[in-house]
Amino acid sequence: MSIGTLPSTAYDDRPYTRGESVDRADVGALVQSAVDGDAAAWKALVEGLSPLVWSVVRAHRLSDADGHEVYQTVWFRFAQHLGRIREPEKAGSWLASTARNECLRTLRGLSRLTVTDDPQLLDRVSEEGAPEQSLLDAEEAAAQSERIRRLWQEFEKLGDRCRQLLRVLMASPPPSYQEVSAALGVAVGSIGPLRQRCLRRLRARLDARGTS
């Protein structure tokens, strides 16, 4: 069973929105079909749940190479255990937990943490403007880019716990709280309040800097 071709920019170019959305109500049925050899069901699982796996990888700030290796390992292990997952409808939680464990294993194996350049997820202003693009549009694009740059600067000053949580929550489709819990080892009941505290801290930092 093939995992499929890994997108060359899956880790550093719009990592939260790669793949098609999969309805979590259908996950269990897709897993069962994949167990029976349905290649289309396997493809749907990979495309639909890859953003969740990538969000966990990003939350642990692995290098680009290590991140791709963890991604492949997680799906390889999923394929190995496909027929033995006791609750197929919770495959997303299984993947999130496995991704977290693989990330931690990789980090433990490093002599020191290798901090990769943070993918500027939103800091992507197109360079393909038409020659007749107005000065006003150019100035607005520059201002937006600057706002986003400041947002990421303040985001990086949050504590590790907040950064990890918010990165995972940015996955598309949004992960369930059970999946977030499995990915980060945070109690389900603590996720909502922690998210609100983290967002308030980020907003306070942006307000203090005068960034709207």
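Okay, let's start with a crossing: H2 passes H6 in a right-handed crossing. Before I go on, keep in mind that this is a predicted model.

So who touches whom there? On the H2 side we have Ser-55, Val-56, Arg-58 and Ala-59, and they meet Gln-164, Arg-167 and Val-168 in H6. Sort those contact residues by class and you get three nonpolar, two polar and two charged. As for the geometry, helix H2 covers residues 39-59 and helix H6 covers residues 160-169, and the two pack at an angle of about 165° with their axes 8 Å apart. Roughly antiparallel counts as anything over 145 degrees, so H2 is roughly antiparallel to H6.

While we're on H6, is this helix enclosed or open? Seven of its 10 residues are buried, so H6 is largely enclosed by the rest of the structure. The buried ones are Cys-162, Arg-163, Leu-165, Leu-166, Arg-167, Val-168 and Leu-169. Notice Arg-167 in particular: it is buried, and it is also one of the H6 residues that meet H2.

Let me zoom out for a second. Of the 212 residues, 40% are buried. The chain exposes about 11,700 Å², and carbon and sulfur atoms supply 49% of that. Now take the contacts with a separation of 6 or more: 75% of them come from residues 24 or more positions apart.

Back to H2, because it has other partners to talk about, H3 and H4. With H3, the packing angle is about 135° and the axes are 11 Å apart. That makes H2 oblique to H3, and here too H2 passes its partner in a right-handed crossing. From H2 you have Trp-42, Leu-45, Val-46, Leu-49, Ser-50, Val-53, Trp-54 and Val-57, and they meet Gly-67, His-68, Val-70, Tyr-71, Val-74, Trp-75, Phe-78 and Ala-79 in H3. How do those divide by class? There are 13 nonpolar, three polar and no charged residues.

Now H4, which is residues 91-109. The axes of H2 and H4 come within 9 Å and cross at roughly 30°, which makes H2 roughly parallel to H4. This crossing is right-handed. The contact is made by Leu-49, Leu-52, Val-53, Val-56 and Val-57 of H2, with Gly-92, Leu-95, Ala-96, Ala-99, Arg-100 and Cys-103 on the H4 side. By class, that's nine nonpolar, one polar and one charged. Val-56 turns up in this H4 contact and in the H6 contact as well.

Two single residues before I stop. You'll find it in the loop between H2 and H3, and it is partly exposed, with a relative accessible area of 22%.

And then Glu-69, which sits in helix H3, residues 64-81. Glu-69 is partly exposed, with a relative accessible area of 49%. How far is it from Cys-103? They are 34 residues apart in sequence and 9.7 Å apart in space, C-alpha to C-alpha. Cys-103, remember, is one of the H4 residues in that contact with H2.

That's my tour, thanks.

Key
Residues numbered from 1 in each chain as written. Predicted model: local features only at pLDDT ≥ 70, side-chain atom pairs only at ≥ 80, totals over all residues. Heavy atoms only, no water. Helix = DSSP H or I, 4+ residues; strand = E, 2+ residues; numbered from the N terminus. Buried < 20%, exposed > 50% of the residue type's maximum accessible area, 1.4 Å probe, protein only. Contact = heavy atoms within 4.5 Å. Areas by Shrake-Rupley, 256 points an atom, 1.4 Å probe, with all protein chains shown as cover. Axes fitted to C-alpha atoms, helices over the stretch in contact; angles between N-to-C directions. Parallel < 35°, antiparallel > 145°, perpendicular 65-115°, else oblique. Left-handed = near helix turned anticlockwise from the far one by under 90°. Nonpolar A, V, L, I, M, F, W, Y, C, P; charged D, E, K, R; others polar.
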